[in-house]
Amino acid sequence: MGGVNPSKIFDALQGIKSKFILSYDNSPEIKKIFSKYNIVQVETKYSRARGINSYIGRELLISNF
């Protein structure tokens with residue numbers, strides 16, 4: 001996984017008092033880190049410019065509501 005450490009995102013969400021929804025890569029690590037929240041797996045279409053080399057992938061929608 002690249003980018004921001006998911007544990008840092010989890011820590012930042014602890015202080016949020018309003019509703020949030022977060023889209024994140026589908027992986028066992030993410031499911032474990034965010035397990036206290038509602039998690040829904042969804043299919044999404046990924047594509048490059050003009051739909052070339054598109055494919056269906058799975059994301060996790062993580063929310064506190």
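These are my notebook entries on a predicted model of a protein, from the whole chain down to single residues.

**Ground rules**

I number residues from 1 along each chain as its sequence is written, and I use heavy atoms for side-chain values, with hydrogens and water left out. The model is predicted, so I ask for pLDDT of at least 70 for local features and count side-chain atom pairs only at pLDDT 80 or more, while totals for chains, interfaces and linings use all residues.

**Entry 1: overall build**

I looked up the secondary structure first. The protein has two helices and three strands. I take both kinds of element as DSSP runs numbered from the N terminus: helices are H or I with at least four residues, strands are E with at least two. From the N terminus, the order reads α-β-α-β-β. The radius of gyration is 13 Å, well over the 11 Å that the globule rule gives for 65 residues, so the protein is more spread out than a compact globule. I take that radius over C-alpha atoms, and the rule is 2.2 Å times the number of residues to the power 0.38. The C-alpha trace spans about 40 × 25 × 20 Å along its principal axes.

**Entry 2: surface, contacts, charge**

I checked burial next. Of the 65 residues, 25% are buried. Buried means under 20% relative accessible area, exposed means over 50%, and partly exposed is in between (1.4 Å probe, protein chains only). The protein exposes about 4,900 Å², and carbon and sulfur atoms supply 52% of that area. I have the areas from the Shrake-Rupley method with a 1.4 Å probe; for residues, only the protein chains shown count as cover.

I then took contacts, meaning heavy atoms within 4.5 Å. Among contacts between residues at least 6 apart in sequence, 50% join residues at least 24 apart.

For charge, I found 10 positive and 5 negative, with mean positions 4 Å apart. Lys and Arg count as positive, Asp and Glu as negative; His and the chain ends are not counted. I place each charge at NZ of Lys, CZ of Arg, CG of Asp or CD of Glu.

**Entry 3: Leu 60 and Ser 63 in strand E3**

I went to strand E3 (residues 55-63), where Ser 63 is found. Leu 60 sits in strand E3 too. Leu 60 is buried, at 0% relative accessible area. Not counting residues up to four places away in sequence, Leu 60 touches a list of residues that includes Leu 22, Tyr 24, Ser 27, Ile 30, Ile 39 and Val 40. I also took the C-alpha separation of Leu 60 and Glu 43: 8.8 Å, at 17 residues apart along the chain.

Ser 63 is buried at 8% relative accessibility. A polar atom of the Ser 63 side chain lies 3.1 Å from the backbone oxygen of Phe 65. I count a polar contact as a pair of N or O atoms within 3.5 Å; within protein, one must be able to donate a hydrogen and the other to accept it, and residues adjacent in sequence count only if both atoms are side-chain atoms. Leaving aside neighbours within four places in sequence, Ser 63 contacts Phe 20, Ile 21, Tyr 37 and Asn 38.

**Entry 4: Thr 44 in strand E2**

I found Thr 44 in strand E2 (residues 38-46). Thr 44 is partly exposed at 26% relative accessible area. With neighbours within four places in sequence set aside, Thr 44 contacts Tyr 55, Ile 56, Gly 57 and Glu 59. Thr 44 and Ser 23 are 21 residues apart in sequence; their C-alpha atoms are 11 Å apart.

**Entry 5: around helix H2**

I looked at Ser 27, in the loop between strand E1 (21-25) and H2. Ser 27 is buried, with a relative accessible area of 15%. Its side chain reaches the backbone nitrogen of Ile 30 at 3.2 Å.

Pro 28 is found in helix H2 (residues 28-33). Pro 28 is exposed at 70% relative accessible area. Pro 28 and Ser 18 are 10 residues apart in sequence, and I have 26 Å between their C-alpha atoms.

Last, I checked Ser 35, in the loop between H2 and E2. Ser 35 counts as exposed at 54% relative accessibility. The Ser 35 side chain reaches the backbone oxygen of Lys 32 at 3.2 Å.
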